[in-house]
Amino acid sequence: MTESEPMMDNSEEEELDRKSLINSPNSGDILNPLDIITALFLCSDAFVQQEISLKMSMCQFSVPLLLLNCDTQQCTLMLWAMRDIVKKYRPQSLSQSKGFIEDRIVLSELPVISFVRLGECSLSKSEILNKLLSNSQQYHDTFVHHDMEGGDSPRKISDGLTEITWYLPCGNKNMDIFSEPVAIANLRGDIASFETQFSFLFKTSAAVYVFFDDLNSGCRRLTNQHHKAQ
């Protein structure tokens with residue numbers, strides 16, 4: 001190093017290293033947000049999971065419903081982590097009286113509509129859900145999708161994660177997409193690889209929407225399910 005070149009201390013070098021990692025054009029250096037969420041929940045105890053779920057819900061992000069540990073292949077139903085989430089809504093039946101319903105979401109008997117993928121699919125299931133759940137005045141990314149920062153990075157530990165969010169009407173016909181409240185579940189990954197999650201959703205959902213490009217290879221997998229869902 002010549003005398004004219006400035007010297008950097010260790011803290012400056014570490015800062016440059018962090019910036020170069022964040023700004024790296026190599027997508028392999030960028031973590032998928034779903035992997036970060038999965039890692040946080042797997043590394044947290046029940047009380048921290050509860051706090052994270054509450055904060056995510058307050059920010060209108062989906063929260064884990066079925067959490068898969070890719071090392072043990074154990075799948076956990078995250079109802080306890082959602083026990084402090086309280087939602088307030090006004091169905092169309094209460095629009096005249098200006099009343100509303102407020103309750104813990106895990107105690108509310110809301111119909112669940114599930115969305116899954118079979119094989120490869122050229123459409124972004126999560127992006128479509130975001131558009132479906134956003135009103136005409138404001139778009140919101142409830143589910144992570146490929147056009148978000150890091151969303152196109154390969155998922156390493158979050159396939160098999162099932163997320164849930166809730167659409168809650170406000171009683172205004174001009175704004176409400178649905179007149180009644182509904183829970184929306186979204187399974188990440190191919191249902192051919194995650195039959196436990198797929199079977200759970202078929203048994204607990206009022207309806208299941210399947211995204212696919214080619215149905216022939218997986219038609220039997222759908223028709224063999226014993227379920228109540230449409």
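1. Which strands each supply at least two residues of the lining of the largest pocket? They are strand 3 and strand 6 (162-167). Strand 3 gives the largest share of that lining, with 4 residues. Please keep in mind throughout that this is a predicted model.

2. On the pocket itself: the volume of the largest pocket is about 670 Å³. Its lining is made up of 22 residues. Those that lie nearest the centre of the pocket are Gln60, Leu133, Trp166, Tyr167 and Leu168. Sorted by class, the lining of the largest pocket holds 11 nonpolar residues, 8 polar and 3 charged.

3. On the overall layout: the chain has 6 helices and 8 strands. Read from the N terminus, the order of elements is α-α-α-β-β-β-β-β-α-β-β-α-β-α. The chain has 230 residues, and buried residues make up 40% of them.

4. On charged pairs: the structure holds 3 salt bridges. One of them joins Glu163 and Arg188, with 2.5 Å from N to O. Glu163 belongs to strand 6 and Arg188 to strand 7 (residues 182-190), so this pair ties together parts that are 25 residues apart in sequence. Glu163 and Arg188 are both buried.

5. Are they buried or partly exposed? Glu51 is partly exposed, because its relative accessible area is 41%. Lys55 also counts as partly exposed, because its relative accessibility is 43%.

6. Arg155 and Asp159 form another salt bridge, and here the closest N and O atoms are 2.8 Å apart. Arg155 has 29% relative accessibility and so counts as partly exposed. Asp159, at 31% relative accessibility, counts as partly exposed too.

7. Where is Pro154 placed? It sits in the loop between helix 4 (125-133) and strand 6. Pro154 counts as exposed because its relative accessibility is 54%, and the cut-off for that class is over 50%. In space, the C-alpha atoms of Pro154 and Asn32 are 6.7 Å apart, while in sequence the two residues are 122 residues apart.

8. The last point concerns the surface. Which residues form a nonpolar patch there? The patch consists of Leu77, Leu79, Val106 and Leu107, and together they have about 330 Å² of accessible area. Leu79 is found in the loop between strand 2 (74-77) and strand 3 (86-89). Leu79 counts as partly exposed because its relative accessibility is 40%.

Note on methods: Residues are numbered from 1 along each chain as its sequence is written. This is a predicted model: local features need pLDDT of at least 70, side-chain atom pairs count only at pLDDT 80 or more; totals for chains, interfaces and linings use all residues. Side-chain values use heavy atoms; hydrogens and water are left out. Patches are made of residues with over 30% relative accessible area and no salt bridge: like charges are joined within 9 Å, nonpolar side chains (Val, Leu, Ile, Met, Phe, Trp, Tyr) within 5 Å. Accessible areas come from the Shrake-Rupley method with a 1.4 Å probe; for residues, only the protein chains shown count as cover. A salt bridge is a side-chain nitrogen of Lys or Arg within 4 Å of a carboxyl oxygen of Asp or Glu. Buried means under 20% relative accessible area, exposed over 50%, partly exposed in between (1.4 Å probe, protein chains only). On a 1 Å grid over the protein atoms alone, a cavity is a set of points where a 1.4 Å probe fits but cannot get out, and a pocket is an open set with protein on both sides within 12 Å along at least five of seven lines; lining residues have an atom within 4 Å of a point. Grid points are joined across faces, edges and corners, and a volume is the space filled by probe spheres set on the points. Ala, Val, Leu, Ile, Met, Phe, Trp, Tyr, Cys and Pro count as nonpolar, Asp, Glu, Lys and Arg as charged, and the others, Gly among them, as polar.
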